[in-house]
Amino acid sequence: MNTVKRKCDILLVSAGVGAGHNQAARAIIEGLHLAAPHLAVQMIDAMDFCPRWFRAYYAGGFAIAMTRLPWAYGLGFALSNRPHRPGRAISERIRLAFEWASLARLRECLGSIQPA
């Protein structure tokens, strides 16, 4: 589990689903350290604050979808991605409600952090 300093200048929240999100966050942190070494920068992984079953579902489901069922992942994305239509698809609203409930500990953590 990530430990979070209660005071920092910049906090990056990433998600350990695959390698891309955390890799991008680390690259941003590296760039910030070079550009502004005086800033206190840290990263937390949102998955560390989720219940274990949610991590398995979310990260494991993503890995399986991308490696074994890419067509199903593409179909799910197409059904829920509605940038050209008003409102959210019912599947998107259900997913967001499910994620909101699973991220309660992350919201508590973020609420306790005070920017420097």
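The following is a working chat about a predicted model of one protein chain.

Trainee: What should I know about the numbering and the model before I start?
Mentor: Residues are numbered from 1 along each chain as its sequence is written. This is a predicted model, where local features need pLDDT of at least 70, side-chain atom pairs count only at pLDDT 80 or more, and totals for chains, interfaces and linings use all residues, while side-chain values use heavy atoms, with hydrogens and water left out.

Trainee: What is the mean pLDDT of the chain, and where is confidence lowest?
Mentor: The mean pLDDT is 83, with 91% of the residues at 70 or more, pLDDT being the predictor's confidence in each residue, from 0 to 100. Strand β4 (residues 114-115) has the lowest confidence, at a mean of 62, whereas helix α1 (residues 20-35) has the highest, at 91. Where pLDDT is low, the predicted coordinates should not be read in detail.

Trainee: How many helices and strands are there, and what pattern do they follow?
Mentor: The chain has five helices and four strands, arranged along the sequence as β-β-α-β-α-α-α-α-β; these are DSSP runs numbered from the N terminus, with helices (H or I) of at least four residues and strands (E) of at least two. The C-alpha atoms fill a box of roughly 45 × 30 × 25 Å along the principal axes, and buried residues make up 24% of the 116 residues, where buried means under 20% relative accessible area, exposed over 50%, and partly exposed in between (1.4 Å probe, protein chains only).

Trainee: On to pockets, what lines the largest pocket?
Mentor: The largest pocket holds about 620 Å³ of space, and of its 17 lining residues the closest to the centre are Tyr58, Phe62, Tyr73, Arg95 and Glu99. Helices α2 (52-67), α3 (70-80) and α4 (90-102) each supply at least two residues of that lining.

Trainee: How is a pocket defined here?
Mentor: On a 1 Å grid over the protein atoms alone, a pocket is an open set of points where a 1.4 Å probe fits, with protein on both sides within 12 Å along at least five of seven lines, and lining residues have an atom within 4 Å of a point. Grid points are joined across faces, edges and corners, and the volume is the space filled by probe spheres set on the points.

Trainee: And by class, what is in that lining of the largest pocket?
Mentor: The lining of the largest pocket has eight nonpolar, six polar and three charged residues, counting Ala, Val, Leu, Ile, Met, Phe, Trp, Tyr, Cys and Pro as nonpolar, Asp, Glu, Lys and Arg as charged, and the others, Gly among them, as polar.

Trainee: Which residues line the second largest pocket?
Mentor: That pocket has about 160 Å³ of space, and its lining includes Ala15, Met47, Phe54, Tyr58, Arg95, Glu99 and Trp100. The largest share of the lining, four residues, comes from α4, and by class there are eight nonpolar, no polar and two charged residues.

Trainee: Which charged end sits over the ring of Trp100?
Mentor: The charged end of Arg107 does, 3.7 Å from the ring centre, the criterion being NZ of Lys or CZ of Arg within 6 Å of the ring centre and within 35 degrees of the ring normal.

Trainee: Last one, where is Ser14, and how far is it from Glu99?
Mentor: Ser14 is in strand β2 (residues 10-14) and is buried, with a relative accessible area of 8%. The C-alpha atoms of Ser14 and Glu99 are separated by 15 Å, with the two residues 85 apart along the chain.
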